Amino acid sequence: MEVLRVLCLSVLFLELGAASGNLEQRLIFILLDGLRYDYIDSVYTPNMDEMAAQGVKVDYLTNVFPTFIPSKISLVTGLYPESHGLVHNHMYDSVHNSYAMTANKNDSYWWNSGIAEPIWVTARKQKKTSGSIDYIGGFAEFGGVRPNKFTDNPIAELRSKIDTAINWLRGGMDVVVVEWTYLDVVGHMFGPLSTQVGDGIKKCDENIGYLRQKIREFGLEDQVNIIIAGDHGMTEVSNNNVINLSDIIDLDNTIAYIAESPIAMILPKDGFLETMYIQLKNAHPNMTVYKKEDIPEYYHYRDHYRILPIVAIADLPWIILANGTDVGQMADHGFNNEEISMKSMMLAEGPAFRSNFSVESLNAIDMYELMCKILHLKPAPNNGSLANIQEILVEPSSATACGIYTLLYPILFILLSLTKN
Ligand SMILES: [Zn+2]
């Protein structure tokens, strides 16, 4: 009878384990800056292909508008830029009365204008450990909290970033976020179809193979989930497609302006708003100009004071400059995020994810909810939805298993009561 008793208790403990989410789940999230949706089809990528076959592949990942640094912060907070407050790479803040690049690293003011809580902060607040390897903002305080560990060397080799991540995971860290900017840099310089981008993808592939091998080698495969995703695509631009603001308005009549990409923002001096808006509105057939409050809802880009009163958005592949005709690069991003060339993709693998499962399209705004689910964290308020993304998780089969165990409960309790005698 004792054997039966031990057996019954073991089954019950197994069930309790399943109900509480199985083994401790951990996560490494690798952001490949500028990974366009079709890059992995352009060269031989055996490791990424194998990862897709054994895990999940999302063909098109739509990041939030505008697909600059704001979309990187949206990936890890689940907030649109109008909520997290990092509204562009280069911003003017009327409260602070100053300009800043988002990378104004030592001034936490710039990172705390909204309600942003990156995944590494959510983890720490709930007694888990987190680390950032060169992820934008990972060096900054959000609500006074930084990751347990962080590095800040965006141009470091991907191999050294992965070695650091592996060390941290072996040390028990719950969530590690990594950013690698190389693909974005060569995409801008040489264009999305360049051999430099192709070589960068091969390098990604080798390092993803290395990461997967190390995870197996150190016996972490039952705990560690891997997500690889990009923050935007890339499209060719040229000096033939430049809209020059100073040809249209007198920039001396502005307090501030941002114009360096497909998006321009303008804060006119008092009394100049209407005139400037009318001057801009019909100035160019490939530029749509909005008063801030009229920006279409689908951009989720109007309810923050750092979004300036006039916003102009260029059609692909036009670039808006303040005063000049040289775009200074072969390619860019930041256009309407529904444009196919602005889309990225995603791979995921690990105990939380389904196997050999592909999805045509997901939204990056839901990624934070996904990460919280994997890590058993209560998400901070955000704009994402777990329901929109959870089909890639194995949870449904766990639920089935729980259902079977639940049917067994009465039988087990009867057997246990018998073994007491
Ligand atoms: Zn870029």
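These are my notebook entries on a predicted model of one protein chain.

**Ground rules.** I number residues from 1 along each chain as its sequence is written. Because I am reading a predicted model, local features need pLDDT of at least 70 and side-chain atom pairs count only at pLDDT 80 or more, while totals for chains, interfaces and linings use all residues.

**Overview.** I looked up the secondary structure and found eleven helices and 18 strands. Helices (H or I, at least four residues) and strands (E, at least two) are DSSP runs, numbered from the N terminus. Of the 421 residues, 44% count as buried. I call a residue buried if 20 or more other C-beta atoms lie within 10 Å of its own, exposed if 12 or fewer, and partly exposed in between, with C-beta atoms placed from the backbone.

**The core.** Which residues touch the most other members of the largest nonpolar core? I found Ile28, Val176, Val178, Ala264, Met265, Met346 and Met371, in a core of 117 residues. Helix 10 (residues 367–375) gives this core its largest share, seven residues. The core lies between domain 1 (25–234 + 336–392) and domain 2 (242–328), because both give residues to it. A nonpolar core here is a set of buried Ala, Val, Leu, Ile, Met, Phe, Trp, Tyr and Cys residues joined through C-beta atoms within 7 Å. The domain bounds come from an automatic or database domain assignment.

**Helix 10.** I then checked its cover: eight of the nine residues in helix 10 are buried. Among them are Met367, Tyr368 and Met371. The buried residues of helix 10 pack against strand 1 (26–32), helix 3 (69–77), helix 5 (119–125), strand 7 (175–180) and strand 8 (224–229).

Methionine 265 sits in strand 12 (residues 263–268). Methionine 265 counts as buried because 22 other C-beta atoms lie within 10 Å. Beyond four places in sequence, methionine 265 touches Tyr257, Ile258, Ile307, Leu308, Ile310 and Val311.

**Helix 2 and helix 8.** How do helix 2 (residues 46–54) and helix 8 (residues 195–217) pack, and at what angle? Their angle is about 50 degrees, and their axes are 7 Å apart. The axes are lines fitted to C-alpha atoms, for helices over the stretch in contact, and angles run from 0 to 180 degrees between N-to-C directions. The two helices are therefore oblique to each other. Angles under 35 degrees count as roughly parallel, over 145 as roughly antiparallel, 65 to 115 as roughly perpendicular and the rest as oblique. Pro46, Asn47, Met48 and Met51 of helix 2 meet Asp205, Ile208, Gly209 and Arg212 of helix 8.

Most residues other than glycine have a negative phi, and most peptide bonds are trans. I found a cis bond between phenylalanine 65 and proline 66, with omega about -5 degrees. Proline 66 is in the loop between strand 2 (56–62) and helix 3. Another cis bond runs from leucine 316 to proline 317, with omega near 5 degrees. Lysine 127, not a glycine, has a positive phi of about 65 degrees. Lysine 127 is exposed, since 8 C-beta neighbours lie inside 10 Å.

Methods: Two residues are in contact if their C-beta atoms, placed from the backbone, lie within 7 Å.
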